[in-house]
Amino acid sequence: MKRAPQEAYLKKAARPILLRPFTLFTVTLTLLLYALDFLFRWQNGLAELFCLRVELPLAGLLAKGVALIPFSLTEACFFAGLIFLIVLALRAFLRLLRLPGRRLRRFLRGLVSLATAVLLGLNLYLFFYQLPQKRPPLAVKLKLSTGDLSSRPEDLASSAKVLIGEMNELRKDLPEDREGVFRTEKGPYSCFVKSSQAFSQLGSWEPLFSPAVQARPKPLTLSPLLSRMGLAGFYSPFFVEPQVNTQQPKALWASTALHELAHANGYTREDEAEALAYLLGRQHPDAELRYSSRLGALQRLLPALKQSDEALWQESMSALSPACRRDMAASSAFWQSRQGKLAEKVRDVNDRFLKSQGQSGVAAYSESVRLLQFFIRNKELPQQPAGGDDKVTPKQPVETSPSRTGESKPPQTGESREISPAKTGETRPR
């Protein structure tokens with residue numbers, strides 16, 4: 001009788017290692033997704049159809065379930081996964097000691113189980129992140145001309161002037177801390193719940209942005225680590241879950257959440273997500289979200305303007321109200337104080353990762369200035385009135401004149417802590 005458990009285990013271990021149903025399903029699904037990825041590289045119209053009919057509806061279902069959990073499921077699974085791997089390694093070691101027969105086969109079975117789990121995570125990544133990147137670029141779907149995407153210094157200054165005027169007006173009624181820096185009267189959960197509704201509001205006005213995935217951004221307990229890594233947030237495709245670093249200045253909470261929310265809605269290119277963060281906040285009924293989205297956009301425009309024409313940059317900075325300058329200086333001082341080798345390594349890894357996805361590396365964040373300018377100048381897309389009413393009346397389209405294009409460069413680092421028109425803030429990759 002004592003030998004029965006051992007014999008039963010050995011009989012189970014004698015099954016063909018690679019013919020277990022779940023392993024076969026996972027491997028087959030991986031091959032299918034890679035085949036679709038290859039096909040979508042040449043047929044981005046099919047990629048758009050796939051995302052609208054398959055990926056986004058499934059992402060919406062998963063996001064609804066994950067949104068019911070008040071904490072970051074990604075973070076919880078990270079810690080649980082570490083504990084599980086330790087327990088699994090100890091269990092395998094004890095089994096080798098207790099059941100010396102067929103050691104090689106048991107080792108291979110454990111290796112296949114681990115590989116299956118890795119492939120399952122890879123499938124989620126491919127389905128909810130990599131395949132949406134094969135969609136036609138947002139500029140193509142908006143039918144933008146080269147004139148709409150101009151980076152001339154005069155156009156950059158004009159766009160910055162619009163943002164600064166709106167920010168100065170919004171900032172008057174927003175709360176401050178003792179140092180005169182923006183603080184939210186709401187906690188991160190309230191801010192992120194309101195952010196999660198932004199895509200649905202935009203999609204109800206502009207069919208291009210529907211169907212909407214109401215993913216709920218989550219605050220991270222590992223925010224201090226993300227700050228040292230130079231990250232304002234990230235998108236977890238495994239659970240369609242935007243993650244936000246809540247240690248960063250509160251003025252950028254909503255801007256980061258909206259950026260990651262754009263990723264959850266299938267806009268996985270960084271330049272598009274950065275521009276959509278502004279558009280999503282521009283029409284939002286909450287004043288704090290409207291201010292945060294404009295602040296994030298301005299921190300992309302100003303470095304590009306400074307590299308194009310420093311005189312126009314100085315003029316734009318001088319137009320900022322003292323309160324807005326304090327917010328930008330606080331952001332710059334926060335990220336500058338956390339510069340280090342870890343942040344540089346993460347930046348290099350992020351740069352290589354984005355290039356492997358067909359983007360231009362971390363420069364993709366600053367390339368959002370062209371789309372930002374189009375959204376700022378174009379009044380056809382919905383824009384929230386200054387009063388902040390829930391009912392929004394779409395503005396009439398404004399014609400734009402063609403102008404020559406130019407490439408924008410990444411924002412400069414090394415900003416000072418001084419609250420001065422000569423210095424500007426900088427947002428982190430997210």
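The protein has 18 helices and three strands; helices (H or I, at least four residues) and strands (E, at least two) are DSSP runs, numbered from the N terminus. This is a predicted model, in which local features need pLDDT of at least 70 and side-chain atom pairs count only at pLDDT 80 or more, while totals for chains, interfaces and linings use all residues. Residues are numbered from 1 along each chain as its sequence is written, and side-chain values use heavy atoms, with hydrogens and water left out.

Of the 430 residues in the protein, 51% are buried; buried means under 20% relative accessible area, exposed over 50%, and partly exposed in between, with a 1.4 Å probe and protein chains only. Among contacts between residues at least 6 apart in sequence, 78% join residues at least 24 apart, a contact being heavy atoms within 4.5 Å.

The axes of α7 and helix α14 (residues 310-319) come within 9 Å and cross at roughly 5 degrees. Axes here are lines fitted to C-alpha atoms, for helices over the stretch in contact, and angles run from 0 to 180 degrees between N-to-C directions. The two helices, α7 and α14, are therefore roughly parallel to each other; angles under 35 degrees count as roughly parallel, over 145 as roughly antiparallel, 65 to 115 as roughly perpendicular and the rest as oblique. From α7, the residues Pro153, Glu154, Ala157, Ala160, Ile164 and Asn168 meet Leu312, Ser316 and Ala319 of α14. By class, this contact of α7 with α14 comprises six nonpolar, two polar and one charged residue. In this classification Ala, Val, Leu, Ile, Met, Phe, Trp, Tyr, Cys and Pro count as nonpolar, Asp, Glu, Lys and Arg as charged, and the others, Gly among them, as polar.

Apart from neighbours within four places in sequence, Asn168 is in contact with Ala319, Leu320, Ser321 and Cys324.

A second pair of helices has another geometry. Helix α9 (residues 198-205) and helix α12 (residues 270-282) pack at an angle of about 80 degrees, their axes 9 Å apart, and that makes α9 roughly perpendicular to α12. Here Ala198, Phe199 and Leu202 in α9 meet Leu276, Leu279 and Leu280 in α12. The contact of α9 with α12 has six nonpolar, no polar and no charged residues.

Aromatic rings form a further theme, with 16 aromatic pairs in the structure. Rings of Phe, Tyr and Trp (its six-membered ring) pair if their centres lie within 6.5 Å; planes under 30 degrees apart count as stacked, over 60 as edge-to-face and the rest as tilted. The rings of Phe209 and Tyr267 have centres 6.0 Å apart and planes at 50 degrees, so the pair is tilted. Phe209 lies in the loop between α9 and β1 (218-219) and Tyr267 in the loop between α11 (253-264) and α12, so the pair ties together parts that are 58 residues apart in sequence. Phe209 counts as buried at 1% relative accessibility, and Tyr267 counts as buried at 3%. The pair of Phe374 and Phe375 is also tilted, because the ring centres are 5.7 Å apart and the planes lie at 55 degrees. Phe374 is buried at 9% relative accessibility, and Phe375 is buried at 0%. Elsewhere, ring pairs link Phe40, Phe50, Phe127 and Phe128 into a cluster.

Two backbone features remain. Most residues other than glycine have a negative phi, and most peptide bonds are trans. A cis peptide bond, with omega of about 5 degrees, joins Ser210 and Pro211, and Pro211 lies in the loop between α9 and β1. Val240, a residue other than glycine, has a positive phi near 50 degrees. Val240 is found in the loop between β2 (233-236) and β3 (241-244) and counts as buried at 1% relative accessibility.

Finally, Leu73 lies in helix α4 (residues 73-98) and is buried at 17% relative accessibility. Leu73 and Phe238 are 165 residues apart in sequence and 9.6 Å apart in space, C-alpha to C-alpha. Not counting residues up to four places away in sequence, Leu73 touches Val66, Phe239 and Glu241.
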